[in-house]
Amino acid sequence: MTDLLSASGDAAAADVEVLVVGVFSGEDAPVLPESLAGVDAGFGGRLATQLAALGNTGGASSLTRLPAPDGVAASLVYAVGLGDADDLDDETLRRAAGTAVRAAFGKATVAIAFEGDPEATATGAILGAYKFEGFKTEGGGDAAPGSIAVYGASEDAIVRALVVGESVALVKDWVSAPANLLRPPTFAIEIEQAAAAAGLEVEILDAEALSAGGYGGVLAVGGGSSAEPRLVRLSYRPEGARKHIALVGKGITFDSGGYSIKPAAGMWEMKFDMAGAAAVVGATIAAAKLGLAVNVTCTVALAENLVSGTAYRPSDVLTIRNGMTVEILNTDAEGRLVLADALSRAVEDEPDAVYDVATLTGGQLIALGRRTMGLMGTDSETERLRRIGEETGEHGWPMPFPEDLVKLMESSIADVSQCAAGLKRDGHMIQGGIFLSKFVPEEIPWAHLDIAGPADSDSAHGYTAKGATAVPVRTLLALLEEHAG
């Protein structure tokens, strides 16, 4: 991927297979920016008229393919709508670039000429170029373009876009991998290799170390599998950093639900249940590659939730790393247990803020749908993430911790119940956040990001292909950049 993206000069002179141009919306025909004067001249000054005749008036992410005229050094011209010129923003550019690149699969070279921020265009382009190679022995379909040039992009813009694209691709590859090929020990090794290549320090705790360290949640959840659980810690310590941020991720490499077993329909999607761990690792690696001036410690708990004679049961009482006891009512609410251990370990380092990411609850999908994260925790941090998510296109919405739901999490035999007494589904997403709050001291700013829906897309759109999305890697990276600043 390192050689995929580059800067480009004059759009009209781009010697490529596909030249992508951005046009703005107009009443009867698209409006061409002045920068496309040379391209329009190649069409005899009739580019807007031809697009209008084909039904493209510049609506955001609309796309029309045209054969390139003799005056333009390309085989094809793709005109992509950017919407109203007064409303142009980075997310519009990212989506438009991603739409164009996905439409150019099977083509060798692409150049993109858009108004607006070239870095946003470059980021959308490289995100759109992702394809999970899968395991087909033949007939894998069209390949992504081998070369993408972005008109007006600086070297710094290209470098950042490449780092983002590489980290997102790494996360998508992990999340898309079948569960038999990415069990906890294997995932830990792959994380170690990727992190070490970025210059990060890596610590891996195996089952023996987890037992010695009192990680009762991770051990219980992973106890039913022959592939023992792991806890992986990454450390990034740049010179001159003044703040320390802790990232925590849920890494359930496959979730059968345990004895509270899931329905067979849709269970195959549970290989995605490690998307939170993958995302925080990807963001940490990206921060290191960009040399951000902020200390980051990334803690991910990896386990496989299966059924066996050694699996944990409803009615069990577990002791978490911080000493708190938890009453188990549902073995399918396992993610919060491994996160409780990981959060407990993360706060021991006394970070300036903690952010955890997890495909935690089906309640998130019911409440907020597939494209909006549930945000819970300290008000300042959930609002910060909501704002940054609006900028990155990875939307989130803050949720409250109502008193009645807090009371539902009380246990008569342990310090806290794993989920609501009587397995009440009231505010199911919020229950998860309330439980996790027990493992973060009030004085430490904290936010929990529930990505059960956004981690996976059931259709392709903009720069997002069907399948794993790598949400919220870009939001976390922007968050770390803000803390560094």
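For sorting residues by class, Ala, Val, Leu, Ile, Met, Phe, Trp, Tyr, Cys and Pro count as nonpolar, Asp, Glu, Lys and Arg as charged, and the others, Gly among them, as polar. In this predicted model, the lining of the largest pocket then comes out as eleven nonpolar, eight polar and eleven charged residues. The pocket itself has a volume of about 650 Å³. Of its 30 lining residues, Lys262, Met270, Thr361, Gly362 and Ala452 are the closest to the centre. Two or more lining residues come from each of β9 (244–255), α10 (335–347) and α11 (362–368).

Next up is the second largest pocket, with about 410 Å³ of space. Here 22 residues form the lining, and those closest to the centre are Arg371, Gly393, His461, Tyr463 and Thr464. The split by class is five nonpolar, eight polar and nine charged. At least two lining residues each are supplied by α3 (90–103), α5 (155–176) and β18 (456–457). This second largest pocket lies between domain 1 (3–152) and domain 2 (164–484), because both give residues to its lining.

Now for the sheet. Strands of a sheet pair through backbone hydrogen bonds, either parallel or antiparallel. In this case eight strands make an open sheet with mixed pairing, in the order β7-β8-β10-β9-β13-β17-β14-β15. From one strand to the next, the twist averages 20°. Within the sheet, β8 (230–236) and β10 (295–305) pair in the antiparallel sense over seven bridges. Helix α9 (275–290) lies across β8, β9, β10 and β13 (353–358), at about 140° to β9. Helix α10 packs on the sheet too, touching β8, β9, β10, β13 and β17 (446–450), with its direction at about 155° to that of β9.

Conventions:
Residues numbered from 1 in each chain as written. Predicted model: local features only at pLDDT ≥ 70, side-chain atom pairs only at ≥ 80, totals over all residues. Heavy atoms only, no water. 1 Å grid on protein atoms, 1.4 Å probe; cavity = no way out; pocket = protein on both sides within 12 Å on 5 of 7 lines; lining within 4 Å. Points joined across faces, edges and corners; volume = space filled by probe spheres on them. Helix = DSSP H or I, 4+ residues; strand = E, 2+ residues; numbered from the N terminus. Domains from an automatic or database assignment. Pairing = 2+ DSSP bridges. Axes fitted to C-alpha atoms, helices over the stretch in contact; angles between N-to-C directions. Contact = heavy atoms within 4.5 Å.
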